[in-house]
Amino acid sequence: MKERETSDKIEAGGGFPVLQYWAEKTLSPQGIKLWQTLNHKSACLACAWGTGGQKGGFVNEAGESLQRCLKSVEAVTSELMPGIKTDFFQTYHLAQLQSLTSLECDRLGRFSYPVLLKAGESHYQRISWEEVYRLAEQAFHQPSETLASYSSGRSSNEAAYLLQLFFRALGSNNLADCSDLCHAASTVGLKQVFGSGTSMVSLESLKQADCVVLIGSNAPANHPRLMNELIQIRDRGGKIIIINPQIEVGLVKFSSPAFPIKSLLRGGSDISTLYLQPIPGSDTALFVGLQKSLIEQNLVRWDYLKSHTENWQSVIDYARQTPWETITKTCGLSREEIEATAALFGNLERVVFAWAMGVTQQENGVDNIISIANTALMTGNAGKIGAGTMPIRGHSNVQGFGSMGVTVRLRQEIAEALAQLLGKPLNITGGYDTRALIEAAERGKINTLFCLGGK
C-alpha cells in the first residue's frame, strides 16, 4: 500500500457547490437576515461549536477565520424560513406528508402554530395554544411511570435541563436521549476501558496530533468542522488514515472555503494518507489485526502497558493467537494492508483514534470501541496531548445533556444536587433509555411522550 496521491480524476468534496449554495442563500429574500445571524457571537445551530470570539461570527473559538460550514448556513436558513401557510394542513393529508423527503419537509417552512392529529383522522388540524395547555395538563396527569421524554442535540442545553427538572418533579425517570442510540456503544466501551465515556481529545490537543485514524465517519457531510483540522494536520506533515467501507470523496480530497487558495488553484486539499475499506461490521477484526501487526513489528509500548494499564496480557495473547487467515477473511483486507497501516501510526508519537456512528451503530459496537481503545493503549496514545480516543458526536449538546442529568443513569453527585434543588427525593430506579422506551411504547406502557428537538 502507498500513500494516496492526488488525481485529476478524483472530485473533491466541498468546493464550488458550497460557494454556490452560499451565493443562492445570500441572494434570497432572507439573505440580509442570514448574514446578520451568521455574524452573531454565538454557538453554531448545527453542531454547537463556538463561533464569534471577539471578531464576529466567522471566527471560531481558536481565533481562526472563515469557519462557517455549509451545515451552519443550512441550519440558520431553516430557522429564518417563513412559517408554514395557515391552510397547508387542510390541503395535505397524512399520506401525502409521509411521502415527502426530509429535504422537502424542511422546505415547507417553520412551525409557527400548533397542530393536532386525532386518532383515525387523515389531516392535522390547527389548534390554539390554550388547547395545547389543556391537552398537556391532561397528558401529564398520567401515572409517572407512563410519562417519558425524548430529547435531541438539536435542542439547547437550557431547554433540556428544564425538561428533565419537569419530569423529575413529576416522579418520572424516563428521560431518553439521542445519545442512547448514537454513541451508546462509545460510552459503554470507553467506560469499561478508561472509566469515562467522554472524549479525551480537546480541540487544542487535536491540533498537536501527528496522525488521526478516522473510523466509520463521513466527516465532510456530517462533521465538516473537523475537515479544517484534518487539512492542517496534513499541511504540517501529519498522516490521516481513513477506515470506511465506502469511498467518501471528501475524505480523499476536500475543498474548504477556509483555504481559498488551495481550493481555487489546487482543487482542494488532500485528506487521506491511507484509505482502508473493510467489510462492513468487521472493525473489531481489523483492529485485532492491527494489534497483531504491532506486536510482530515490535511497535507495542511495553513500558506504557506495564506502568499504566491492567490485564494487558490477555489482549496481547488474544491478538497473537488469532490467525491471520481469520482476520483477513473477516475484514476483507490483506495482511500487507494491515501491516502497512500499523507501521504508519505505530511509528508516530501522537495518534488520535476518532470514530463516528459507522462504528457504534452495529450489534458489536461495544466490541468495536474496546478494540479501538486497546489499540490506542498498546501504542501509548492515551493520557497525553495530541493523542487519545475521540468519539465524534454530531452535536456537542448531546454530551452536555448527559453531563447535567438528562439520563436514566444519574451520577450520585448530580442526583443529590437535583434532589436538593427540587426539595424532594428523586426517582432514580429503572427508567427507559431510548431503546427501552421504544419497546415499552410498543407494549402500551407509555401514555405520554414529550419530544424535544428531535427530527
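Guide: A residue counts as buried under 20% relative accessible area, as exposed over 50% and as partly exposed in between, with a 1.4 Å probe and protein chains only. The model is predicted, with local features needing pLDDT of at least 70 and side-chain atom pairs pLDDT 80 or more, while totals for chains, interfaces and linings use all residues. Residues are numbered from 1 along each chain as its sequence is written, and side-chain values use heavy atoms, leaving out hydrogens and water.

Visitor: Why is L230 called buried?

Guide: The relative accessibility of L230 is 0%, which is under the 20% limit, and therefore L230 counts as buried. L230 is found in helix 13, where a helix is a DSSP run of H or I with at least four residues, a strand is a run of E with at least two, and both are numbered from the N terminus. Leaving aside its neighbours within four places in sequence, L230 is in contact, meaning heavy atoms within 4.5 Å, with V212, L214, I240 and I271.

Visitor: What makes G238 count as buried?

Guide: The value for G238 is 7% relative accessibility, and since that is under 20%, G238 counts as buried. This glycine sits in the loop between helix 13 (224-235) and strand 7 (239-243). With neighbours up to four places away left aside, G238 has contacts with D210, I233 and T273. From G238 to C211 there are 27 residues in sequence, but a C-alpha to C-alpha distance of 5.4 Å in space.

Visitor: How do you know whether L305 is buried or exposed?

Guide: L305 has a relative accessible area of 2%, and as this is under 20%, we conclude that L305 is buried. It lies in helix 17, which covers residues 302-308. Its contacts, not counting residues up to four places away in sequence, are V300, W312, I316, L377 and M378. A further residue, T379, stands 74 residues from L305 in sequence and 8.6 Å from it in space, taken from C-alpha to C-alpha.

Visitor: Why is N298 called exposed?

Guide: Its relative accessible area is 59%, which is over 50%, so N298 is exposed. N298 lies in the loop between helix 16 and helix 17. Its phi is positive, about 55 degrees, although N298 is not a glycine. In general, most residues other than glycine have a negative phi.

Visitor: And what makes N311 exposed?

Guide: With a relative accessible area of 63%, which is over 50%, N311 is exposed by the same cut-off. N311 is placed in the loop between helix 17 and helix 18 (312-321). N311 has a positive phi of about 60 degrees, and it is not a glycine either.

Visitor: What makes a group of residues a nonpolar core, and which residues have the most contacts inside the largest one?

Guide: A nonpolar core is a set of buried Ala, Val, Leu, Ile, Met, Phe, Trp, Tyr and Cys residues that are joined through side-chain atoms within 4.5 Å. The largest such core has 41 residues, and those with the most contacts inside it are V213 and F345. Helix 16, residues 283-296, gives the most to this core, with seven residues. Not counting residues up to four places away in sequence, V213 touches I241, I243, F345, V351, V352, F353 and A354. Apart from this core lies another, of 24 residues, with V201, V212, M227 and L230 among them.

Visitor: How do you know that the span of helix 8 is close to what is expected?

Guide: The expected span of a helix is 1.5 Å times one less than its number of residues. Helix 8, residues 157-169, has 13 residues and reaches 18 Å from its first C-alpha to its last, close to the expected 18 Å. Within helix 8, the buried residues include A160, L163, Q164, L165, F167 and R168. Just after helix 8 comes G171, with a positive phi of about 95 degrees.

Visitor: How many of the residues count as buried in the whole protein, and which elements does it have?

Guide: Of its 455 residues, 45% count as buried. The secondary structure comes to 25 helices and 13 strands. Among contacts with a separation of 6 or more, 76% join residues 24 or more positions apart.
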